[in-house]
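Open the structure in your viewer and show it as a cartoon. This short tour says what to select next and what is there.

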Amino acid sequence: MDKQIAYTIINEQDGKLSFKLFSFDDNSYFDHLQRNSFYTIIWITGGKGLVKVDFSEYTFSKNAFFSFSPYQPFMFSTSEKINGIAIHFHSDFYCIHQTPNETSCDVILFNNIYQKPFFYIENEIIKKFEFLIEELESELKNSETHNYELLIPNLKVFLGNATRIKEQQIVSEKKFIPSEKPYLLSKLKNKIEQHYKERHTASDYASLLNISPNALTKLVKSHYNKTLTELITERIMIEAKRELYLTNKTIKEIAWELGYKDEYYFSRLFKKKTDISPQMYRDTVGFGKAELN
């Protein structure tokens, strides 16, 4: 797609961004640390470079497709021009948590601590994604009444297609990992999902898997490009964010349910990982949508 695209929808109630679709032809937009209060999709259609995400760094090239959650820190570093398409959307515009089965993007595209935050679009499906972008653009361009009724369904189709392709690539990649590694990593993933609310240390999971902490830490670092402690903490933060958005529980209640008796320690940990307080996250991303509706 060679033409320039730029469309923005602003929430009239609070003046904040609801949805944005735009193209870019250099790295000026993403060359500094991003901590957005909305979801971000970036399709690199040309160029290559390095992306820093959370605790990790990855190299990328043409047709990389990135997906970042609210307040997930990321930054692109490039020595050459990159170009592509970006989409921002706020949880109040489309909440991926409330209807998780519609696109499955909540645990595949976003909030997936066990996979890289990007995948590659193969040549045979580039035309499909160009068509999906054109459908979004068409709805934005033709909605004279600003009643973007078809925009969310089109966004769901876009996210659903991206989710399916990434899921297929995840399955394909697992076939090339030595058999003993995915078995142990799969067990680790299951243990984290079962126990992250009460077990917060690397040694806890090493004990559960009957392996030395050092050996497990090395395996996690080599496969996930992050430490085991970082992996556990990221899982806790994902649940904290969901609770802050989807419920009207107090921060103290959320901290307690996640295994922290000291809500102030929990709040400091949350701010360290997201750069904002739990209350600010709730204020900017959303609050009590599921329970209040």
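Begin with the open sheet of six strands, ordered 1-2-8-3-6-9 with antiparallel pairing. Select strand 1 (6-10) and strand 9 (118-120): these stand at the edges with a single partner strand each, so one side of each has no neighbour in the sheet. From one strand to the next, the twist averages 10°. Keep in mind that this is a predicted model.

Next, select strand 6 (residues 64-68) together with strand 9; three bridges pair them in the antiparallel sense. Show side chains here and find Phe65, which stands opposite Phe119 in strand 9.

Move on to an open sheet of three strands, in the order 5-4-7 and paired antiparallel. Its edge strands are strand 5 (56-60) and strand 7 (74-77), each pairing on one side only. The twist in this sheet averages 20° from one strand to the next. Select strand 4 (residues 49-53) and strand 7: they run antiparallel and are joined by four bridges. Within that pair, Leu50 has Ser77 of strand 7 as its bridge partner.

Last, go to helix 7 (residues 228-246) and select Lys241. What does Lys241 touch, leaving aside residues up to four places away in sequence? The contacts are Pro70, Phe270, Thr274 and Tyr281. Lys241 is buried yet has no salt bridge; Asp54, the nearest side chain of opposite charge, is 6.5 Å away.

Note on methods: Residues are numbered from 1 along each chain as its sequence is written. This is a predicted model: local features need pLDDT of at least 70, side-chain atom pairs count only at pLDDT 80 or more; totals for chains, interfaces and linings use all residues. Side-chain values use heavy atoms; hydrogens and water are left out. Helices (H or I, at least four residues) and strands (E, at least two) are DSSP runs, numbered from the N terminus. Buried means under 20% relative accessible area, exposed over 50%, partly exposed in between (1.4 Å probe, protein chains only). Lys and Arg count as positive and Asp and Glu as negative; His and the chain ends are not counted. A salt bridge is a side-chain nitrogen of Lys or Arg within 4 Å of a carboxyl oxygen of Asp or Glu. Contact means heavy atoms within 4.5 Å. Two strands pair if DSSP finds at least two bridges between them. Axes are lines fitted to C-alpha atoms, for helices over the stretch in contact, and angles run from 0 to 180 degrees between N-to-C directions.
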